[in-house]
Each structure stands twice: as C-alpha cells, then as structure tokens.
Amino acid sequence: MQVSVESIGSLGRRMMVQLPAEDVEREIDVRLKSVGKRAKLKGFRPGKAPMKVIRQHYGAQVRQEVLSELMQSSYARAITQEALQPAGGPKIETQSIEPGKDLEYSATFEIYPEIELKGLADIKVERPVAEVTDDDVDRMLENLRWQRAEWVEVDRGAEDRDRVIVDFVGTISGIAFEGGSGEKVSVEVGSGQMLASFESGLNSITAGEERTIEVVFPDDYHVRDLVGKTAEFKIKAHSVAERKLPEIDETLLESFGISGGGIEQLRSDVRGNMEREMAETIRSNIRRQVLDQLLEINPVELPQSLMDEEVEHMQREAAARMGGDENALPPREPFEEQARRRVGLGLLIAEVLRSNAIELDQARLEARANELAAGYAEPETAVRAYLADKQARAQLEHIVLEDQAVDYLIEQGTVTDQPIRFRELMHFEQESQ
C-alpha cells in the first residue's frame, strides 16, 4: 500500500492511497470461491458450478463489495500509518478501479487542530458566596402560598394584582387589526402580562362595566407595524377576582407532599431545595466565567466538519422542541455562534483532560447522580435507573469530566470570594411584590 498526504489549508488533508492490483484480484478470487461453495445455479448442483460461471453471475457484485471493503480497511490503516486524527468522515473519490490495475482513491478530510494551552494562570474567578437566611425562607413560603392561591370574585373595582376577565376589540383609526381582539381573556392587573397602559386602563373597572381606553404601542413592541401607533380598545369586564392565599396548615403541607413534621418540616424542605438551587447556580456561574476566559485566551481554529455536525444537531433539537418534522430543519444561521462556542470549548476541554491525564472520578459521578435524583420520591431507585441507562450515563460522565476540567482550571487561576445576598444571586423576589 502506497500512501501520500497533501495539505489543503491548515486543517484540510487529501490522502492518496494505492493498493496493488494483485492484492485486489487475489481478494476478489477468494471471495468468489467462497460464494461458489454456496451458490445455487440452474443446471449445477449446489457448490459445483465452474468458476467461470460463478464469475459471470457474481463477478461484478463481488468486485464492488471487495473494492468498498478494501477502501474502508485501507483508509483506517493509512490514517494510523500517517498518524492523522480526522475530525470527521472522509470524502472518498476513486481514481482507478479498472480490473487488472492498481486500486487508487483519494480521501479528503479535516484533522483536529493542534492545541497548546496557554494563559491558564491568568484566569480570574469571582466566586459568589451567599447563604439562605430565615427571611429568604419566609419569602419562599409566601411564594408557595401564592402558587396555591384561589381566585375569589369580588364586588368592587379592580386593584393591582387582581384578575379581570375581559372582552376587548382594538382599532387603529377605526380599523380593527390582527391580534387586537379577544374574548374572556384573563388579565392580572399590574403583572406585565400585557402592555402596561392596557393593564392600567383596567384599574377600578367593575364586573359588567364597559369602557374605552387608549394604548400607545412602545418602541420595543414585537409587532413592528404597530410600533408608535395609538390604538383604541373597547373593553367589557365579565368579572373581577382577588387572590385568596391559603393558610400554612395541614392541607397546604399535604399539597407539597409533606405528611408529618408540620411547618418546621416544610421550612427544612424548602431551605434544602433553596440551598441545592443556590449551589447549582454558583457552580454554573463559576463554570461560565472559567470557560469564557479559557476560550478567550485560547482561540482555536475549528474544523468545518465539526461545526456542521453541531449546527445540524442543534437544528434537529430545535425542530423536535417545536414539535415539527426533524427533517424540516430551521435556518442554520441562528445556531452558528453557539455551535462555534460548543465546538471550541469541546476541543479545549478535551485537551485539558488529555494533557493532565484527568480521568473520570467515579465517586463524583455517583454524587452528581444523587444530586439529580434528590427531588424524586425514591432517590436511590432513580440513581440506579439513571446510571443503568447508557445514554443518560454518558451524558452525566461528560458533565462530570467537564466539571473536573473546570476545577483544574480554577486551581491554575485566581479565585476571589464575592459576598452576595441570596435573593440577588438567584434573582429571587417575593411574588406579592
């Protein structure tokens, strides 16, 4: 086997492979003899047909099969021989496949870029430091009450945070416009669900009342044709209701799956969930800082084949989320920037792991699985099921290895603790505010 490699740009390679004709013909003869032992041809007993007849019937098919298999196996040997690391599948083009002549073909592909990590000591991380206070727990409990609130109709004008059921018809210069009307639409006054001027126009409205309000569409309105225009809405209110918050009693506790321990158990469970969410937020915050800087300090030339694979993967995910045909893919442009980040970080993280001989920490894998299963009714069963699923386990192993790489990078850089309140870190506000 003769092999030559030509560079096409920095990452592209064209590899020429030549296999001797005698090797090809020998393999074809061996395959035909094997076929002849099983062949059932009219006029001959099974396995007794002459080779000339076997070649007439099966020669073309066997030649095609052998050539295909030889190209696959020789490509793999040539890649190893030339110490190349293809970043994607090759484009194979045959140069000569005529009987009696050497088999010649070209394989065009991209290789992984050579990466030399640098500037790791320059990575600077601000680590958020926060705690869940009793006041934070109180706020969360109040939010839980709001989640379980009931709407009770009232015989008065609507106030802030009341729910009003309305019919409305909107016109601009006396002409109705698309999306400008609705029947029995639920609007929570002051919630930001609809335009502020529309919601404020519902203040003090009572059940059965009809009124007309004016609304100016703001500059950032999502329908560009309506920006800056003034619409007139005729409104009819069907009902006005206020929230009735439940008491923190046995009924409320049972609705959250707590059958014993009372309010203190509820507070303990809520605090535990808040602390887990806070820890995950801090971990994500630090991870983002580290990876952003790693990518900025170590720009990487990306193989186009890897970019194409990642963009297509993201397109198919988006199509599946939208419930459409996964073969009817959305445009690729919106995904390219995120794909570039994913591919670049994937190459850099792989080099961090390889160059520092970082292997998967099994104890850490199990600990991460336990974290994910903490919210299940039977966590131990959930952990076993999670780790037994090959795809789920592979995804988790990838996450843990990346966490290990991030920890290594943190050790190389500088970390400064940054005190912060829980509510600021989590962007947490009380529902009633």
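## Second largest pocket

In this predicted model, α6 gives the largest share of the lining of the second largest pocket, seven residues. At least two lining residues come from each of α3 (134-147) and α6. Helices are DSSP runs of H or I with at least four residues, strands are E runs of at least two, and both are numbered from the N terminus.

The second largest pocket holds about 420 Å³ of space. It is lined by 15 residues, and F256, D269, V270, N273 and R276 are the closest to its centre. Its lining has nine nonpolar, three polar and three charged residues. A pocket is an open set of points on a 1 Å grid over the protein atoms alone where a 1.4 Å probe fits, with protein on both sides within 12 Å along at least five of seven lines; lining residues have an atom within 4 Å of a point. A volume is the space filled by probe spheres set on the points, which are joined across faces, edges and corners.

## Largest pocket

The largest pocket has a volume of about 810 Å³. Of its 26 lining residues, R287, R342, G346, H398 and E402 lie nearest the centre. Two or more lining residues come from each of α6 (262-297), α7 (304-321), α8 (333-355) and α11 (390-412), with the largest share, ten residues, from α8.

By class, this lining has ten nonpolar, five polar and eleven charged residues. Ala, Val, Leu, Ile, Met, Phe, Trp, Tyr, Cys and Pro count as nonpolar, Asp, Glu, Lys and Arg as charged, and the others, Gly among them, as polar.

## Packing of α6 and α11

The axes of α6 and α11 are 10 Å apart and at an angle of about 70°, so the two helices are roughly perpendicular to each other (65 to 115 degrees). Axes are lines fitted to C-alpha atoms over the stretch in contact, and angles run from 0 to 180 degrees between N-to-C directions.

In α6, R283, I286, R287, V290, L291 and L294 meet E402, D403, V406, L409 and I410 of α11 (heavy atoms within 4.5 Å). This contact has seven nonpolar, no polar and four charged residues.

## Strands

β1 (residues 2-8) and β2 (residues 12-19) run antiparallel and are joined by seven bridges; pairing requires at least two DSSP bridges. V5 stands opposite M15 in β2. The two strands form a hairpin with three residues between them, and G9 in the turn has a positive phi of about 75°.

β2 is also joined to β4 (residues 103-110) by eight bridges, again antiparallel, with R13 opposite F109 in β4.

## Basis

Residues are numbered from 1 along each chain as its sequence is written, and side-chain values use heavy atoms, with hydrogens and water left out. Local features need pLDDT of at least 70 and side-chain atom pairs count only at pLDDT 80 or more, while totals for chains, interfaces and linings use all residues.

Notes
Angles under 35 degrees count as roughly parallel, over 145 as roughly antiparallel, 65 to 115 as roughly perpendicular and the rest as oblique.
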